[in-house]
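Some labels attached to a model rest on a value and a cut-off. The questions below ask how such labels are reached here.

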Amino acid sequence: MRSLLSVLLIGVPVTLILTLVGLSHGMIQDSQRRQRGSGADIVVRAPNAKAVLNQSAAALPEAFVPRLAQEPNVVAAMGVVSHPIEVILMVNGVNLDEVNRMTGGLHYLAGGKFSGPDDVILDQYYAEQKKKHVGDTIEIINHPWHICGIVEGGVLSHILVPLKTLQELDAESNKLSQIYLRLDNPANTDAVISHLKSEPGLADYNIWSMQELTSQIQESVNNQGLSAFVVVIMSIGVVIGFAVVCLSMYMAVLQRTREIGILKSLGGSRTFILRIILTEAWIMGIGGTILGIALSFAARTAIQSFQPASFQMDIVLPWWPRVLALTLVAATLGALYPGLNAAAHDPIEALAYE
Amino acid sequence: MNNGEIISVRGLHKTYRVGSVDVPALRGVDLSVAAGEFLSIVGPSGSGKSTLFHIIGGLTPPTAGEVVVAGENLAALTDGGRTRMRRRTVGFVFQKFNLLPNLTARDNIAVAHYLAGTNPKPDAKFEEILGLLGIAARLDHKPNALSGGEQQRVAIARAIVKHPAILLADEPTGNLDTENSRAVLEILRDLNTRTGQTILMITHNPEAAGYGHRTVHMRDGKLVA
């Protein structure tokens with residue numbers, strides 16, 4: 001019972017670490033997937049714009065869209081306004097004609113395109129999360145919206161509204177957060193970027209290939225402290241694992257004092273006793289890791305059920321051996337003191353222990 | 001009985017320190033035991049029997065004096081040396097059996113085998129002893145499923161599986177009823193007779209002591225006539 005409880009207590013921080021890493025990985029992947037899902041090859045953003053989190057800074061003139069659409073090799077241009085809501089969810093203000101030219105058309109699961117300024121299109125995940133259907137009203141950015149369509153997810157944000165309406169709500173008339181460009185051939189991406197940067201008035205703007213953008217999303221998220229956060233949680237996990245194993249093995253040594261005496265009377269050396277204690281701790285560590293991995297699947301299922309749009313969690317296999325190594329380090333450190341204590345027991349006193 | 005000396009104790013002293021007080025447990029013991037001898041040590045509580053047993057068994061070092069067991073001078077041994085001696089040279093049988101509770105009888109015996117580093121394959125001599133002990137059918141049971149008599153037989157099997165030079169039995173019948181006591185004592189005597197196993201047995205019981213070839217008495221940390 002003591003061992004099972006210890007395995008559970010080790011499993012919880014393992015789950016915490018794997019869930020956090022899975023969320024971080026999943027949300028970055030989702031963000032990158034959505035950017036790629038736009039069908040664009042190049043994205044243009046305002047000077048000083050970052051890859052993520054400040055997408056709402058609508059500082060690009062809307063007039064850039066027709067201008068960029070005329071550039072050589074550009075076959076489609078799409079202007080988008082982004083407005084962050086909730087945790088990291090975005091509302092995208094779009095022109096559906098541009099979206100259709102860029103992506104080849106949204107895939108509607110229910111309803112259809114905008115028919116009024118207060119219409120909203122949700123993807124299936126956000127609709128499921130909010131339990132909304134076509135025809136329902138939904139409050140977003142303190143504004144009531146009429147749900148006109150539900151589309152398959154994976155293109156831009158989970159929530160699409162008419163570009164003009166969002167610009168008015170943000171008091172950013174004729175301004176955009178970003179402009180996506182689709183080229184006749186993705187192989188021309190570098191050449192087009194070089195050309196655009198040499199254009200008068202565009203030199204200061206951020207013009208990235210989608211590959212650059214997705215890698216910058218990763219970098220940006222890391223730089224904004226998520227890596228440090230993961231390290232902090234990992235450290236807490238190691239400390240908890242250490243404390244649990246230390247307490248558990250200390251109890252075990254107390255409970256088994258007489259057995260330790262028996263083993264010593266049979267010729268068990270200090271190393272043999274220490275090895276037994278460490279082996280038990282390692283088994284608990286391995287058990288806790290396996291339980292933590294199993295619970296991380298449960299956490300992902302729960303997240304997918306309750307918040308499918310807001311949070312995406314991946315199962316990150318490369319982290320399994322890492323958490324196992326961390327757990328074993330914690331278990332070893334935790335078992336060392338009780339183990340050495342047990343190894344140093346006087347056999348006569350241990351045999352007399354009741 | 002073999003005539004060679006297997007245990008030689010000369011001027012043995014042992015003093016325990018309890019807090020800041022020195023408590024003498026042995027005050028100059030001289031003892032000689034021949035190989036193959038079955039020696040009974042009798043004495044009241046606190047006479048030093050168990051301390052003598054612990055020193056000869058390598059569980060604790062002597063404070064002064066000379067103790068040679070199977071050619072090894074115990075006073076010169078380190079903790080590691082005494083551990084190696086317990087592993088190979090001596091086997092213990094305790095009053096409270098002291099079996100590992102989570103292991104079956106077979107595994108209890110196997111642990112001693114493992115620690116001694118002896119050949120784990122069953123040898124004919126040990127099979128014969130198992131037959132003598134009458135526990136062959138009970139080997140897959142854990143101690144809590146065995147009677148006191150059976151547990152003590154398993155403890156004897158565990159003690160002799162590595163064929164130790166000396167078997168040390170500390171009140172082996174202290175927790176047994178009359179019938180089981182007699183059975184265990186007969187097993188010890190049989191073992192001594194058939195295999196020439198040297199046995200030192202501590203007991204309070206004069207009748208039990210009678211199973212040995214010779215009885216020595218202890219009082220106040222000394223052997224008395």
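Q: How far apart are the centres of domain 1 and domain 2 of chain A?
A: The model is a predicted one. Taken over C-alpha atoms, the centres of the two domains of chain A are separated by 46 Å. The domain assignment gives 2-26 + 221-352 as domain 1 and 47-204 as domain 2.

Q: Why is helix α8 (residues 257-265) of chain A called largely enclosed by the rest of the structure?
A: The cut-off for a buried residue is 20 or more other C-beta atoms within 10 Å of its own. In α8(A), 7 of the 9 residues are buried, so the helix is largely enclosed. The buried residues are A:Glu259, A:Ile260, A:Gly261, A:Ile262, A:Leu263, A:Lys264 and A:Ser265.

Q: What covers the buried residues of α8(A)?
A: The cover includes α9 (270-306), α10 (319-343) and α11 (347-352) of chain A, and also α2 and β6 (90-93) of chain B. Just after α8(A), A:Gly267 has a positive phi of about 105°.

Q: How many residues of each chain are in contact with the other chain?
A: On chain B there are 14 residues in contact with 10 residues of chain A. Helices α2 (79-88) and α3 of chain B each supply at least two residues of the side that touches chain A. That side of chain B has 7 nonpolar, 5 polar and 2 charged residues.

Q: Why are α3(B) and α5(B) called roughly parallel to each other?
A: The axes of α3 (residues 105-116) and α5 (residues 148-160) of chain B come within 8 Å and cross at roughly 25°. Angles under 35 degrees count as roughly parallel, and the two helices are therefore roughly parallel to each other. The crossing of α3(B) past α5(B) is right-handed.

Q: Which residues make the contact of α3(B) with α5(B)?
A: From α3(B) come B:Ala105, B:Asn108, B:Ile109 and B:Ala112, and from α5(B) come B:Val154, B:Ala157 and B:Arg158. By class, the residues of this contact are 5 nonpolar, 1 polar and 1 charged.

Terms used: Residues numbered from 1 in each chain as written. Chains lettered and ligands numbered in written order. Predicted model: local features only at pLDDT ≥ 70, side-chain atom pairs only at ≥ 80, totals over all residues. Axes fitted to C-alpha atoms, helices over the stretch in contact; angles between N-to-C directions. Helix = DSSP H or I, 4+ residues; strand = E, 2+ residues; numbered from the N terminus. Parallel < 35°, antiparallel > 145°, perpendicular 65-115°, else oblique. Left-handed = near helix turned anticlockwise from the far one by under 90°. Contact = placed C-beta atoms within 7 Å. Nonpolar A, V, L, I, M, F, W, Y, C, P; charged D, E, K, R; others polar. Domains from an automatic or database assignment. Buried ≥ 20, exposed ≤ 12 C-beta atoms within 10 Å, placed from the backbone.
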